[in-house]
Amino acid sequence: MEQERFLVGGGARLSGQVRVAGAKNSVLKLMAAALLAEGTTVLRNCPEIDDVPLMQKVLEGLGCQVERDGSVVAITSPRELSERADFEAVRQFRASVCVLGPLTARNRHAIVALPGGDAIGSRPLDMHQSGLEKLGATTRIEHGAVVATADRLVGADIKIDFPSVGATENILTAAVLAEGVTTLDNAAREPEIVDLCNMLNEMGARITGAGTNTITVEGVEKLHPTEHSVVGDRIVAGTWAFAAAMTQGDITVGGIDPQYLHLPLEKIRVAGADVETYPTGFRVRGTKRPTAVNYQTLPFPGFPTDLQPMAIALSSVSEGVSILTENVFESRFRFVDEMIRLGTDATIDGHHVMIRGKKHLSSAPVWSSDIRAGAGLVLAGLCSEPGGTTEVHEVYHIDRGYPLFVETMNSLGADIRRVKA
């Protein structure tokens, strides 16, 4: 595949309106959950990103028929599913591991290749395996795949060591077809978890407590297909919020419940931008150079690790000194090395980084290491000196998480071109 790069013009001020599509961190898990019921499940408001056709390949390899028409994805799950997800698509992105729970529940046997994805640090499957084992499965890592087998699944009291989104999802999607009641303590509380639980309940599951740290699942014998609209993407929405504050712009974002971004929007407000919220969106106006703010990433409702690159980019052009603490992924500061190429004054100390803000950054060639780092580098490039051009390489990462990224940016007043590398 011929690599592409973005050429990002400096000195931009972004303004206008944008509507976010469904969440990347939800749609892929909902597609996997369709495995739980024989028949056709229809998902609406799906984002047109590269990870959706990758998940389509995973599901087709398991025996499903998948049809995509713009933002609508229809998944027909057969009576007999394959138990083996060991093809190339699984290794390309992390979310593919979310087929493990549904396959274990439906087939009582699953072989799922260990997934790949973003270079942001170790994300082992220990908690996924431990949860399935408490439900009665046996699991092991063998020949580069996780193997799960169960004669029967029985509800259990499960406490997760860390509120992992992926582990919560795999345990939930196995527990819905287990015998008896499962209580999941220290569960992830993200809006995408709530979205998954809502869809599972529409399919006939009995789940209560979604959005809290204790979720209760009363197992049922079988589920049925449904139609469901994917929740809006709070990380994409947050990216546009930071873009407005950084470029002293004025962006109105629709298609998202602003409560899902309460803390990021509050940080932007403290940094000096005007923030207005509406039932299905918000507006951010940056009327002056932002002021330095401190951040620490935590599971929801804390500050999202996926918006940490945007926070670093904003801090780089803020007045004063910011300290950012990364508590979720140990390798996420790889992004800072690329920001330093753009002139960011940053000092890394373990899982902290201290940034002394500058009025402008300088253009340079930089490399994306993951989806959000790529977006953060583009935002930083917008804040380089007017007339400069920042080259952002390995932009396939950005395409995995942001639909029509260049087109949306340019509609807001950016100067970005996609060219062959």
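Below is a short chat about a predicted model.

Biologist: What are the ground rules here?
Modeller: This is a predicted model, where local features need pLDDT of at least 70, side-chain atom pairs count only at pLDDT 80 or more, and totals for chains, interfaces and linings use all residues. Residues are numbered from 1 along each chain as its sequence is written, and side-chain values use heavy atoms, with hydrogens and water left out.

Biologist: Where does glycine 63 sit?
Modeller: In the loop between helix H2 (51-61) and strand S4 (65-69). Helices (H or I, at least four residues) and strands (E, at least two) are DSSP runs, numbered from the N terminus.

Biologist: New topic. Which strands does S15 bridge to?
Modeller: Strand S2 (residues 15-19) runs parallel to S15, with 5 bridges. Strand S17 (residues 281-285) runs antiparallel to S15, also joined by 5 bridges. Two strands pair if DSSP finds at least two bridges between them.

Biologist: What stands opposite aspartate 250 in S17?
Modeller: Arginine 285. Aspartate 250 is also the bridge partner of serine 15.

Biologist: Why is S15 largely enclosed?
Modeller: Because 4 of its 5 residues (250-254) are buried.

Biologist: And threonine 390, which strand is that in?
Modeller: S23, residues 389-393. Threonine 390 is buried, at 0% relative accessible area.

Biologist: What is threonine 390 in contact with?
Modeller: Leaving aside neighbours within four places in sequence, its contacts (heavy atoms within 4.5 Å) include Phe6, Leu7, Val8 and Leu342.

How values were computed: Buried < 20%, exposed > 50% of the residue type's maximum accessible area, 1.4 Å probe, protein only.
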